[in-house]
Amino acid sequence: MTVHILCDFDGTITAEDNIIALMKAFAPPDWVELKDAVLEQRMSIRSGVGQMFALLPSTDAETYRDYLLNRITVRQGFPDLLAQVEAHGWKFDVVSGGMDFFVHPILDGHVDPEHIYCNVADFSAETVTVAWPHACDEHCTNDCGCCKPTIARRIVNPADRLIVIGDSVTDFEVAKRADFVYARGQLITLCEAEGIAYAPFETFDDITHHLQEVAV
Ligand code: MG
Ligand code: ZN
């Protein structure tokens, strides 16, 4: 048996949600209603995020990228967690509802691209369109966009000990399948409500220390 960690990106590896930061900076006010509809689960993530990106002109692609890469900070302790994963021969994948143009550069040198699952922004049309290479399989009807339970079904060996690290409602479905969860923000409330085994974390050091004590 080995450990397999599925780790969220926005608000987990990074301090902030980067799609929200991008929309705040560049989208016309219509994005707020779309965001509220998604958070209140009146609209699917795929539909809401797709419509938000459609508000952004493709010509400013470089501006969006530079803006995010200049402001994103990686949460304390991330490289040490990856070193721990490597030392134990554990598996580690990033599963993110974020876009390739900011997820990949931030993880460059930390996580191999083959272990990064995220959405893809396409700047070839007048406004930004989103490709969804990890859309829901036949077992999920949430229209997730990047479907974390679908990815888990594809890549996690049921014999492995599944650990989920995340911060929000988009991590909830996969957290239900996990053997243990490290949670921040809204995911704490959801784990409490469902009786899912979890520990809260502030930095990745918290997780590394906790895993050191429980690791076999
Ligand atoms: Mg998140
Ligand atoms: Zn789904």
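Let me start with Thr2 and its contacts, a contact being heavy atoms within 4.5 Å. Leaving aside residues up to four places away in sequence, Thr2 touches Gly89, Trp90, Lys91, Asp160 and Arg161. This is a predicted model, where local features need pLDDT of at least 70, side-chain atom pairs count only at pLDDT 80 or more, and totals for chains, interfaces and linings use all residues. Residues are numbered from 1 along each chain as its sequence is written, chains are lettered from A and ligands numbered from 1 in the order in which they are written, and side-chain values use heavy atoms, with hydrogens and water left out.

Thr2 sits in the segment before β1 (3-7); strands here are DSSP runs of E, at least two residues, numbered from the N terminus. Is Thr2 buried or exposed? Buried means under 20% relative accessible area, exposed over 50%, and partly exposed in between, with a 1.4 Å probe and protein chains only. Thr2 has 18% relative accessibility, so Thr2 counts as buried.

Now the metal site. Which residues coordinate the zinc ion (ligand 2)? They are Cys136, Cys140, Cys144 and Cys147, each through SG, at 2.3 Å. Donors are N, O and S atoms within 2.8 Å of the metal (3.2 Å for Na, K and Ca), and water is not among the atoms, so sites may look incomplete. The angles among the 4 donor atoms run from 107 to 111°, and the site is tetrahedral, a label for four donors with all angles between 85 and 135 degrees. The donor spacing in sequence is C-x3-C-x3-C-x2-C.

As for burial, Cys147 is buried at 0%, Cys140 is buried at 12%, and Cys136 is partly exposed at 23%.

How values were computed: Tetrahedral: all angles 85-135°; square planar, octahedral: opposite > 155°, others 65-115°. Helix = DSSP H or I, 4+ residues; strand = E, 2+ residues; numbered from the N terminus.
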